[in-house]
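Student: I would like to learn how to read a protein model. Please take me through it one feature at a time.

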Amino acid sequence: MEWNCVEPPGLTTSFEELVLKIIRTHDSGPVYNDILAIRSQVYKIPLEDARAKGDEYSHHYCAYLDTQPVIVIRATQAKMGELDCEAYLPAPLITAFRNKIASTTRFCSINRKAMMNLSTIFLQTVTFDQTNQGMRLDLIDVREDMVRYYQRLGYMPVSGSFFIHPHWKTRSIVMLFVADLSLDSAFNPIRPTIKDPLTLQELAPYVRLCDYAQKILPKNQTCQCLTNTSEDTTCTLLEMS
């Protein structure tokens with residue numbers, strides 16, 4: 001079954017006379033097939049390898065400009081099954097907030113630079129849809145060179161979370177977005193719709209964030225605290241290798 005997602009109030013959904021439509025679906029049907037096709041194209045893998053573990057219990061989103069599929073992502077609610085790379089995510093946080101966590105993964109578009117503005121609206125709509133289902137925390141693994149992009153959206157890096165992704169073999173860092181109404185982020189348009197937010201203070205007993213969590217890391221730099229799990233590590237800036 002497929003659903004046309006309702007965009008957050010006030011968002012523009014038409015571009016140069018093209019209409020943006022975002023659809024949520026499950027792991028079958030024509031929209032899911034479009035999602036697999038984009039994954040195959042972006043990841044440069046055979047179409048038959050584009051289906052991923054966890055697809056069967058995740059929500060899948062596809063953005064269309066008129067009839068052309070352009071951006072895709074999946075959202076896995078922790079209460080429905082194992083998250084992507086869950087072994088590397090902060091277990092105490094998942095245990096405490098499992099019913100409020102939706103992890104977004106497999107985010108890709110046919111032309112990342114050209115779709116940057118659309119991608120923000122797409123992510124706002126996906127987040128709006130998931131918060132309407134009770135989700136308040138997005139816990140994700142991020143490729144190291146994408147950390148600054150996600151920070152600009154409002155995601156925060158988890159201290160000591162560096163790992164090598166077991167599937168993609170990329171240098172990765174765990175990040176989170178929390179529906180805390182006091183924080184400024186790209187998701188400000190959905191804040192008025194959240195009646196029972198989750199706060200950073202509530203997360204504090206279960207996860208340690210990088211000292212730069214609410215600041216944009218300098219270009220081509222990361223923090224020592226991300227790769228070191230000791231409690232007294234400070235955020236010494238390092239050049240990304």
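Student: How many residues does helix α3 have, and how far does it reach from its first C-alpha to its last?

Tutor: First, this is a predicted model, in which local features need pLDDT of at least 70, side-chain atom pairs count only at pLDDT 80 or more, and totals for chains, interfaces and linings use all residues. Residues are numbered from 1 along each chain as its sequence is written, and side-chain values use heavy atoms, with hydrogens and water left out. Helices (H or I, at least four residues) and strands (E, at least two) are DSSP runs, numbered from the N terminus. An α-helix has 3.6 residues a turn, so residues three or four places apart point the same way. The expected span of a helix is 1.5 Å times one less than its number of residues. Helix α3, residues 116-131, has 16 residues and reaches 22 Å, close to the 22 Å expected.

Student: Is α3 mostly covered or uncovered?

Tutor: Buried means under 20% relative accessible area, exposed over 50%, and partly exposed in between (1.4 Å probe, protein chains only). In α3, 13 of the 16 residues are buried, and the helix is mostly covered.

Student: Where is confidence lowest, and where is it highest?

Tutor: pLDDT is the predictor's confidence in each residue, from 0 to 100. Where pLDDT is low, the predicted coordinates should not be read in detail. The protein has a mean pLDDT of 87, with 88% of its residues at 70 or more. Strand β2 (residues 14-15) is lowest, at a mean of 54, and helix α2 (residues 91-97) is highest, at 97.

Student: How many cavities of 30 Å³ or more does a search find?

Tutor: Rolling a probe the size of a water molecule over the atoms shows where empty space is left. On a 1 Å grid over the protein atoms alone, a cavity is a set of points where a 1.4 Å probe fits but cannot get out; a pocket is an open set with protein on both sides within 12 Å along at least five of seven lines; lining residues have an atom within 4 Å of a point. Grid points are joined across faces, edges and corners, and a volume is the space filled by probe spheres set on the points. Here the search of the whole structure finds two cavities.

Student: Which element supplies the largest share of the lining of the largest cavity?

Tutor: That is α3, with four residues. The lining has 13 residues, and among those nearest the centre are Thr 127 and Gln 130.

Student: What is the volume of the largest pocket, and which residues are closest to its centre?

Tutor: About 680 Å³ of space lies in the largest pocket. Of its 26 lining residues, the closest to the centre are Tyr 43, Phe 107, Arg 143, Met 146 and Tyr 150. β6 gives the most to this lining, with six residues.

Student: Is Ile 140 buried or exposed?

Tutor: Ile 140 is found in strand β7. Its relative accessible area is 1%, so Ile 140 is buried. Contact means heavy atoms within 4.5 Å. Leaving aside neighbours within four places in sequence, the contacts of Ile 140 include Ser 103, Tyr 150 and Tyr 155. Ile 140 and Tyr 155 are 15 residues apart in sequence and 9.3 Å apart in space, C-alpha to C-alpha.
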